[in-house]
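Colleague: I'm new to this, so please pick one part of this model and take me through it slowly.

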Amino acid sequence: MVQQEFVSWHNDGALAEVVAASFVDIPVLPPAHDEMFQRTGGNPFTQLVRRLAADVTDLVQAPVQLGKRLQAKGTERRERLKWDSEGVSLRHDMEGDRFGFKKVAVALTAPGMLYGIHTATGQIIWRRNLADTMTPSVEGIKLFVTRETSAPASFGMLEVLVLGRNTENDLGMLWWINPLTGLQTGKQQLKQRCLHATLMPIVLEEHTKVVMLVLERAQREDETDEQYEERKHGDFEVRVIPDLMEAHRMMEKRIKSIFFYLVDRNGLTGFTVSAKKPDPKVIIGEDGELEYFRDEIGSNQYDNMQEGDDVREFWAHEAWSVVFPEGEDVVGIAPHSAEESIKAAGRVLGNRAVLLKYINVNLVAIATETSGGAG
């Protein structure tokens, strides 16, 4: 509720339907001493003198800084941090600690509300409604932390990728959000329905992780609805986010070890992924020179694609399937989490043997329910 341009209260009932959540560390500035030792062009003696000078300066400033902290204790006066573009650090303690206790819990809800919650205080530091005037009705599906750290030049520019669905046309949607401030840095409406999404073990140069999306084939302009219904149940399109050349190259290197599965009501279907170079369509430009374009295939669209670029099309092909008897429905599934830091966790026993947490990390536990039968 807003009164006289100020928010009086919020209704956060959407938190009752959280569908995905993740934690992000509040960044900590590197100490000035470490920056001094990282400088090049000096000998060890010069670096030692710089270190001693910095220590003396810190010792002189210590009483002044202590007095400022005591005066500000118990008040709400804070300084805005350099990375804070939304003023979140003026209202909440957003200075990170080196032990990693202070975090921001990012929670995605089914009605399309996204929350940032401070783990130390339990307060909601920001909230964002993913719906807007162009897409008034959305549904939250998944949440991925795609950039959990940043380079010194872009300090504090962390990123989460939100996958949702436009409930009006059932098409997929993507949002890029800064988890520290709640600032939306990007949005994209997909042309197909998203069937599957997972975080890949691929990290780009800017500390950005790659997300793989599995999409239905898009309907062409020259085909009827009946032709599209028959064709879309074949191979599925695979898209990498971010859709960059570097991501395409790294994805192609791992293509032989990428497998995934889709779950429906009465079974599972496994898929492999392949890559191919798209055939460009030659077009004569206005200046009379040849221009190379690619045909629109699905949602991967690259204009002005030149010969020799590392653009790839990724497609998913059915490899195996498990179909349960009629009347037996899948009610739950427990796979190995792809976001675990240690893929094959284990514990060393007293006899120096290793007790693994998983017998096989690729196994999936499935719970089914039979209805309508006797016994």
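Modeller: Let's start with a pair: strand β9 (residues 172-177) runs antiparallel to β10, and the two are joined over five bridges. Strands here are DSSP runs of E with at least two residues, while helices are runs of H or I with at least four, and both are numbered from the N terminus. Two strands count as paired if DSSP finds at least two bridges between them. Before going on: this is a predicted model, where local features need pLDDT of at least 70, side-chain atom pairs need 80 or more, and totals for chains, interfaces and linings use all residues. Residues are numbered from 1 along each chain as its sequence is written, and side-chain values use heavy atoms, leaving out hydrogens and water.

Back to our pair: W176 sits opposite G186 of β10. Now zoom out a bit. The pair belongs to an open sheet of four strands, in the order β7-β8-β9-β10, with antiparallel pairing. β7 (138-147) and β10 (184-189) are the edges, and each has a single partner strand, so one side of each has no neighbour in the sheet. Ignoring direction, neighbouring strands in this sheet are turned by 20 degrees against each other on average; the axes are lines fitted to C-alpha atoms, and angles run from 0 to 180 degrees between N-to-C directions.

And the rest of the chain? It has five helices and 22 strands. Of its 375 residues, 34% are buried, that is, under 20% relative accessible area with a 1.4 Å probe, counting protein chains only.

Note on methods. Buried means under 20% relative accessible area, exposed over 50%, partly exposed in between (1.4 Å probe, protein chains only).
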